[in-house]
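Please read the report below alongside the sequence and the three-dimensional view.

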Amino acid sequence: MPDPTRRTVVCGLLAGLVAPVSLAACSSEKPAGGSSGSGGTPLAKLADVPVGSGAIVDGPSGKVLIVRPSENEVKGLDPVCPHAGVTVSKPAGGTITCPGHGSVFDAATGDRKKGPATTGLTPIPVKISGDSVVTA
Ligand code: FES
């Protein structure tokens, strides 16, 4: 009965060696598909997010409002108004306005400036990676 035991040991060793390699290969696929290998899901080209305004794009878990207060600064916000769920407008003049009932939010931070919403827009982590905005 030494053969089955030896075979079992060899198979166990192979499984132990192959599984980590497979996992490593899977985890290295995503960064290779990114713009600069620093991770994150690409959301938009930076050039498509105007300074002083923003863009509403599709993210991995729903829409993302990317605001760009300055050349090298972006912030992600949930564009769904916390008052009653209407999608807010893109930033203009330093504010984000909800067309639903007129709530106003700070364009750089998403903080509430005027109700009826009682809270600000929910942050969504994003960052600049090369010429793109990606999830952080
Ligand atoms: S849904 Fe935005 S103010 Fe009411």
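## T135 and strand β10

T135 lies in strand β10, where strands (E, at least two residues) and helices (H or I, at least four residues) are DSSP runs numbered from the N terminus. At 17% relative accessibility T135 counts as buried, a class that means under 20% relative accessible area, whereas exposed means over 50% and partly exposed lies in between (1.4 Å probe, protein chains only). The side chain of T135 reaches the backbone nitrogen of T41 at 2.7 Å; a polar contact of this kind is a pair of N or O atoms within 3.5 Å, in which, within protein, one must be able to donate a hydrogen and the other to accept it, and residues adjacent in sequence count only if both atoms are side-chain atoms.

This is a predicted model, in which local features need pLDDT of at least 70 and side-chain atom pairs count only at pLDDT 80 or more, while totals for chains, interfaces and linings use all residues. Residues are numbered from 1 along each chain as its sequence is written, and side-chain values use heavy atoms, with hydrogens and water left out.

Strands β9 (residues 126-129) and β10 (residues 132-135) run antiparallel and are joined by four bridges, two strands being paired if DSSP finds at least two bridges between them. Within this pair, V126 stands opposite T135 in β10. The two strands form a hairpin with two residues between them, and G130 in the turn has a positive phi of about 65°. Most residues other than glycine have a negative phi, and most peptide bonds are trans.

## The four-stranded sheet

An open sheet of four strands has the order β2-β3-β4-β8, and its pairing is antiparallel. Strands β2 (54-59) and β8 (123-124) stand at the edges with a single partner strand each, so one side of each is left without a neighbour in the sheet. The partner of β8 is strand β4 (residues 73-77), and these two pair in the antiparallel sense over two bridges, with L77 standing opposite P123 in β8.

In the loop between β7 (112-114) and β8 is P116, and a cis peptide bond, with omega of about 20°, joins G115 and P116.

## Salt bridges

A search of the whole structure finds three salt bridges, each being a side-chain nitrogen of Lys or Arg within 4 Å of a carboxyl oxygen of Asp or Glu. One of them is formed by D131 with K45, whose closest N and O atoms are 3.6 Å apart. Because D131 lies in the loop between β9 and β10 and K45 in strand β1 (residues 42-45), the pair ties together parts that are 86 residues apart in sequence. D131 is partly exposed, with a relative accessible area of 44%, and K45 is also classed as partly exposed, at 43%.

The side chains of K63 and D58 meet in a salt bridge with an N to O distance of 2.7 Å; K63 is partly exposed at 47% relative accessible area, while D58 is exposed at 54%. R68 forms a salt bridge with E71, the closest N and O atoms being 3.2 Å apart, and R68 counts as buried at 6% relative accessibility.

## D48 and V133

D48 is found in the loop between β1 and β2 and is exposed, with a relative accessible area of 54%. Although D48 and V133 are 85 residues apart along the chain, their C-alpha atoms are separated by 9.6 Å.

## Cysteines and the chain as a whole

The structure holds zero disulfides, a disulfide being a pair of cysteine sulfur atoms within 2.5 Å. C81 counts as buried at 4% relative accessibility, and C98 is buried with a relative accessible area of 3%.

The protein chain has one helix and 10 strands, which follow the pattern α-β-β-β-β-β-β-β-β-β-β along the sequence. Of its 136 residues, buried ones make up 26%. Among contacts (heavy atoms within 4.5 Å) with a separation of 6 or more, residues 24 or more positions apart account for 42%. The accessible surface of the protein chain comes to about 7900 Å², of which 60% belongs to carbon and sulfur atoms; accessible areas come from the Shrake-Rupley method with a 1.4 Å probe, and for residues only the protein chains shown count as cover.
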